[in-house]
Amino acid sequence: MRESSEERFADKLIMSYPASWWGNMWREALPSGNGVLGASVFGGVQEETVLLNHAALWHWGQKDELPDVSGILPKTRKLMDEKRYLEASWLLANALKEKGYGTKLASRFPLAALRLEMPCDQAFKGYRRILRMNTGEVEVSWRDGGRSFRRRLFVSRADDAVVYAIDGGCGCNGVSGRLGLMLHASDRFGDTPEFKALEQTVETGAEGGFAWYAAQNDDGTDFGAVLRVIPEGGRLEAEEGFVRFAEAERVLVVVKVFVQGDRRRELGRLKGELAGLAADVAYERLLERHTALHTPLYRSVSLELDDGSGEEQLALSNERLLLEAYEGEAPLALVQKLWSFGRYLFISGTSADPQAQPFGLYGLWAGDYRLMWSHNMANENVQMMYWHAHTGGLGSLTEALFRYYEGLLDDFRSNARKLYGCRGIYIPAGTAPGIGSPNQIVPVILNWTGAAGWLARHYAEYCRYTGDLEFLREKAMPFMREALAFYQDFLVIDENGEYKLYPSVSPENTPLNYMPADGKPLAHPMPTTINATMEVAILKELLRQLMEGSRALGGDPGEIGEWSAMLERLPAYRVNGDGAVCEWIHPDFDDRYTHRHLSHLYPVFPGHEVTREHDPGLFGAFELAVQKREIGAQSGWSLAHMAAVYARLGDGNRSLECLDLLVRASLLPNLFTLHNDWRGMGVSMNMPAAPVQLDANLGLVNAVQEMLLQVSPGLVKLLPALPERWKRGKLADWRFHTGRVSMEWDREAGWLRAEFTADRDTQVVVRLPDWAAKAGLAPASGAELVASNAGEAFASSTLGDSCYHLRLTSGSPPLAIAASRSC
C-alpha cells in the first residue's frame, strides 16, 4: 500500500495567478522551508520577491522582573466566596499593573527580501505558480512572446540554504536581470520609531557574483544574508547592491543567512562557504541532496480519497477548486490536498535542529514586523498544531516543542511562586523565545492555570508512541510532576470533601449570566469562575498520565495511591437543563453557546476520558454540547477543532461539514488558513484583521485523520467517522501507539482490508466500523471476517461485535484482516 515515488497531481498546489492580497502580498505567497529557514515566493514576473524568515529571529519584546503578588490569591478567593466574581476577576491583573509590570511578547519578523527584476518584452501568458510538496519546490513559469521562462526554488535541508534556478528556455538572448537582498518594507509599521531604527542599521552591497545584506536587531546582534549568482554563460556585474546577469543560458542562485551574530564575521563566513561551491554546481544535484531528507518525511504516511473524479480533479488549480467549494462542498481533491499541505507546512516549518522553534501560527513565512498573535499560544493553538503529528508519522518533529518549553522552566517556576504562592510551574498561555513570564495582563489569560497540564498530554503521547523510557524518566515525568506540584498547592477542599479549583477559566469564554445585559459585544467581561470543566478534565488526565508513567518505570505504589486519591476528590461533570455538559461545573455559572472555544469538550477530544463505549449517557451530553455551539461565533481554527470533536463522536458527515465551512470562510488561494472571515459572510466571527493562522491548516490534518483512525490507550478504531462522501480510499503506514496500520476500503461495495505491523509488542483492541464488521452485515450477504496468519493474534473482544483483540510481537509478520460481504 505504499505510495509511488513518482510525481502526482495530489502532491502539487497549482495556482493561476501570483500573490495578490493588496498591501500584504506575503499572505498569498507559496512557502518553502527546511524547519529553520523559510522562503515565501510571491510569484511576480517582472518584479519578484522572495521573503526570507529564520526561526530564531524575533524582536520588540520586553521582559520585566515579575513582582511577587502571591498575597492576592486569598483576597481573590475571599471575594469569590462572597460571589463578588467581577471584582475578584481583575484583582491579580490590577496588582501587576499597579506595580508597573509590563512584559511584552516578541514577534517574528522577516530576515530579508530577495529581490529579482527581469525585463518583459511582451505581456505574460500561460502563467503558473506551483508548489511541489513532495520536494519542497516552488515553481513560477510563464510565456513571453515565443519564449518560456521558469524559476524554481527550494530551501535545502542538506545545505541550509535557499537554492533558486532561473531558466529562460531557448532564445538567442538568454536570460537577463538583476538580484539583490534588502530590508522588506513594512505594511503597517514603516512610520514607527522601532522600524525606522531598524532601517538605520541596514547595510547592503555587491561585488562580483555576490550580494549581501545585514541589519541589527534590538538586542544588539546582527542578522543578514549573502547570495551568490552562478550563471551558465553570459555576463555578471555588480551594481548598487545588486548583481546583474545578462544573456545567460540559466542562472543558479544560492542564499545563506545568519542570525544573532556579528556582521563582519558572519558575512565573511557565508561568502567563504558560497565561494566554495563549484562553478558547475547543478540545481538538480542540490535538490537531490535535499529531497533525500525531505521526501521521506513527506512520504512517512499516505492517503488517497477516491470519489471517481480521479486525476482530473486533482489537476485543477487552487482557484478552480475553491470556486467549486463555494458551491457548498469542498471537492474531495481539495480536502486531500489540504491534508497533504498541512503536513508539508509542518515538515517545512519545524525540525529537530537546535535552532528550530515549535511550529508557529505563521510558520516560517511571516511578512511584517509586529504580527498579530505570532507568539506561541498554549490555550489551544500550539496544541492543535501538534495533534496530528504521531498518527501521521511525524513524531520525530515534536522535539522542538519540548525543548522550547523546557528552556523556559525557570520562568514558569517563578510564575507559580510569585503569582500564586505555589510550587511547580505556571505556564502563561502566551510565550515567546526567552519570555516565559506573564504578558497578557487580563483575567481571561492570567487566571487560567491549565497550560502546563494540557502540554503534559503531548509528553505522554510521545511516550506512548515511541516507548522511550528514557524520555519518560528524564523529561516527561519531571515535567508532569512539576505541573501537578502547582495543583497540589493550588487546590482547595470544599465543604463536600471535593477539590475546588479557583480562580478557574474556560478559555476564552464568559458565562452567559455575566455577559453585559445590553448585549454589547465585549470580548471577555468576566471569565473568572470556579471549576471550569476543562481545568478539571486536564487535572484528571494529568493524574492518570502520572500513574501510567510511574507504573511503566516501576514507581512507588504509595505515590500512585496518593494520585489515585486525588483523582477521587475531583468533582463530576455537570449536565445543564438542555441536557448538554456544562462548561463550568459550579452552578453559579450559566452556559454560553455563542463562542468559538470548545474547551469543555476536552474529556471527549483531545482527551479520551469519556467514550461512547464506557459511558454512553455522559457521552451524549458532550455530543449535545458541541451541537449547541453557534456557527456564526466560530473561527478558522475552531472549525478544525469542531471537526475533530464530531469525528470523536462518530459523526463523519458533520465533521466534514465543518471542513466545508472552514474552506469557504477562512482559506486563502495559497491554502493558508485565516483566523476568521473578514467579509461579513456570517460563517465565523467577523474581525477586519483576519490574520493568517496556520493552526487551522494543521488542525484540519488532524480532523481528517480522526475521521479515518482514532488511537487511544488500548483501543484503535478503524474508519470511526467515515463521511458518506468518502466512499473509497486507502491509507498507508498510519501510526498507533505500538505499530502501524494500512487500510483500503470501498463502502459501496462493502469491504475493508487492513494490515497491522507491530513496531513493539502489541496488545490492543481494534474496532471496525459497523458497516464493515461481521455482525453489522446481513447474514444473506455472506458476510465474513478473515484474518491471515491470525491464530491467537486476532480474537473477539467483550467490547462488542465490532471489536477484536489484536496481539502481535515486535518483528512478527504483518497481520492482514479483511471484512466484506464476501471475502
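Colleague: What makes β11 and β18 a pair of strands?

Modeller: Two strands (E runs of at least two residues in DSSP, numbered from the N terminus) pair if DSSP finds at least two bridges between them. β11 and β18 have six bridges, in the antiparallel sense, so they meet that definition. One of the bridges joins valine 163 to valine 254 in β18.

This is a predicted model: local features need pLDDT of at least 70, side-chain atom pairs count only at pLDDT 80 or more, and totals for chains, interfaces and linings use all residues. Residues are numbered from 1 along each chain as its sequence is written, and side-chain values use heavy atoms, leaving out hydrogens and water.

Colleague: What else pairs with β18?

Modeller: Strand β15 (residues 222-232) does, antiparallel over 10 bridges. There, valine 229 stands opposite valine 253.

Colleague: Why is β18 called largely enclosed?

Modeller: Buried means under 20% relative accessible area, exposed over 50%, partly exposed in between (1.4 Å probe, protein chains only). In β18, 11 of the 12 residues are buried, so the rest of the structure largely encloses it.

Colleague: How do you know that the length of α6 agrees with a helix?

Modeller: A helix is an H or I run of at least four residues, and its expected span is 1.5 Å times one less than its number of residues. The 16 residues of α6 (residues 283-298) should span 22 Å, and the end C-alpha atoms are 21 Å apart, which agrees.

Colleague: Where does α6 bend?

Modeller: At threonine 291, by about 40°. That's the angle between axes fitted to the seven residues ending there and the seven starting there.
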